[in-house]
Amino acid sequence: MSRLAVLGGEPVRKKLFPAYCVIGEEEKRAVSHVLDSGILSRYLGCWHDDFYGGPEVQAFEKEWALYFGVKHAIAVNSCTSGLQCAVGATGISPGDEVIVSPYTMVASATTPLWYGGIPVFADIEKEYFCLDPESVRAQITPHTKVIIVVDIFGQPYDVEAINAIASEHNLIVIEDCAQAPGSKYRGKYAGTLGDIGVFSLNYHKHIHTGEGGVVVTNDDRLAERVRLIRNHAEAVVEDKGEIDLVNMLGGNFRLTELQAAIGREQLKKLDTLLIQRVANCEYLIEELSKLQGIRSSPVRQGATHAYYVQPFLFDEKIVGISRDVFINAVKAELPATALRELEGQQIGVGYSKPLYLLPLFQKRTAIGSHGFPFTLGSDSVSYAKGLCPVAESLYEKQLFTHEFMRPPATKSDLDDVVKAFNKVYEARHELI
Ligand SMILES: *Cc1c(COP(=O)(O)O)cnc(C)c1O
C-alpha cells in the first residue's frame with residue numbers, strides 16, 4: 001500500500017473529475033430564440049395582461065405544473081425569493097412563530113424574519129436529517145403559524161407525521177424542496193407534499209437557469225398571493241380589486257424570458273440526470289458501506305432520494321480516528337472538478353453549522369438595531385448551543401457529504417473515489 005497523500009505520498013488521482021455542466025445545445029437554441037424576439041422579459045408591475053409575465057415564463061410554469069402534477073407553478077428568480085413569497089402569502093404577522101430546521105441552507109430558516117416572523121428551531125431526525133416530528137410538536141405554541149420543512153439532501157420529509165401535526169394545529173406547511181426535484185413520497189413529487197413547495201434553479205442544483213426558482217401549490221388563493229408578492233403587489237392590488245392587503249408589499253422576484261426558456265429545456269433533462277445520479281450513489285453505497293464505521297443514511301420508507309449531495313454517517317469509535325482527519329486524508333487523494341477547480345474537492349464534513357448558532361440569532365439582530373423582530377417573540381424562544389443535539393452531533397462529528405456522483409461521472413471516476421476511501425481506511429492508524 002502506497003503512502004497516504006496527506007503524509008506526502010502519491011495521490012490516487014490527479015486528473016480533474018469531469019466538469020458538471022448540464023447546459024447544452026438545446027438551451028443555447030432556446031436562448032437565441034428569445035434574444036431574436038427582442039423581449040428578454042415581459043412583466044408589467046401593474047394590473048395588466050403582462051402582470052403574469054411573457055410567453056416563455058407562462059409556458060415554463062405550465063410545463064412545470066404538468067410535470068409535478070400540481071395546479072399552480074409560479075416562476076421566481078430564486079428559491080430564496082420564492083420562500084419569501086410563500087411565507088408572505090401565508091399571511092403571517094410580526095411575532096408569529098415559524099418552525100424551521102437548523103440543518104439546511106440559511107434561507108429556509110431566515111425568510112420569516114422579513115415579515116417579522118420568529119424562527120423557532122426544532123431538531124432533525126438522526127437517520128434522515130429532516131425535521132423530527134416529535135421535536136416539532138414540542139415547539140408548538142399558540143403563536144405558531146407555519147412549519148417550513150426541508151427535503152434535505154434530496155429526500156422528502158416525514159410527510160404523514162408532520163402534515164398530521166399541521167392539520168391538528170391549523171398550521172401551513174411550506175416545503176423547501178430545493179434539493180429534491182424529482183424525488184417522491186408514495187408516488188407524489190416532493191414540493192407537492194405540503195401546502196406550498198419551493199424549488200431552486202441556482203447553478204448548484206440538479207437543473208438550473210443560473211439563478212431561479214419555482215413555487216408550487218394546489219391552493220388558488222396562496223398561488224395568487226405568491227404572484228402578487230412576486231411582482232409589486234402594492235402597485236397592483238387597487239386596480240385588481242384585492243381586498244386582503246396583509247403582506248401585499250411586493251418585490252421584483254421575476255424570472256426573465258431567457259431563464260424561463262432555459263428552464264423549459266432543463267426540465268426535459270431532469271429524469272435522465274436523476275437516473276444517473278441515483279445509480280452512481282447506489283454504487284457508492286455498495287462500495288463504501290464495506291468499510292466498517294461508514295454507512296449511508298437510509299432512504300425513508302415510501303420515499304425516493306434525489307441525492308443533491310450524498311450523505312454518509314461516520315462512527316469515529318469504530319473507525320478509530322475522527323471524521324475530520326479521515327475526510328481530510330481522502331481529500332488529499334483526490335482532485336477537484338473541472339470548471340470548479342477553486343471549490344476544491346467535492347467532499348466535505350458536517351454540512352452546515354446549526355443555523356441558530358449564526359451571529360444573526362446569537363445576537364438577535366436581523367432588521368435594524370433594536371432587535372426586531374426577536375423582541376416581539378416569547379422569552380422562551382432559544383438559540384442556545386445544545387438546542388438541537390442531533391444537528392450539532394451531525395455537524396461536529398458524524399456526517400460527511402460529497403458530490404462525486406454528479407453526471408457525467410463514470411464508474412471509473414467513482415472507482416477512484418472508492419480507491420481513495422479504501423487507501424485511507426487501511427492506513428488510518430498512521431493518522432492517529
Ligand atoms: C439552494 C437552496 C436554497 C436557496 O436557493 P436559491 O435559489 O439559491 O435561493 C434554499 N434551500 C435549500 C435547501 C437549498 O439547498
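Where the domains meet

The side chains of glutamate 26 and lysine 269 form a salt bridge, with 3.1 Å from N to O; the term stands for a side-chain nitrogen of Lys or Arg within 4 Å of a carboxyl oxygen of Asp or Glu. Between domain 1 and domain 2 the count is four salt bridges. The model is predicted, so local features need pLDDT of at least 70 and side-chain atom pairs pLDDT 80 or more, while totals for chains, interfaces and linings use all residues. Residues are numbered from 1 along each chain as its sequence is written, and side-chain values use heavy atoms, without hydrogens and water.

Domain 1 covers 5-18 + 269-352 + 391-431 and domain 2 covers 25-268, with bounds from an automatic or database domain assignment. Their C-alpha centres lie 30 Å apart. The contact (heavy atoms within 4.5 Å) takes 32 residues from domain 1 and 40 residues from domain 2.

About 3000 Å² is buried between domain 1 and domain 2, and carbon and sulfur atoms give 53% of that area. Buried area is the accessible area (1.4 Å probe) that two parts lose on being put together, summed over both. On the side of domain 1, Lys269, Arg300 and Tyr308 lose the most area to domain 2, together 28% of what that side buries.
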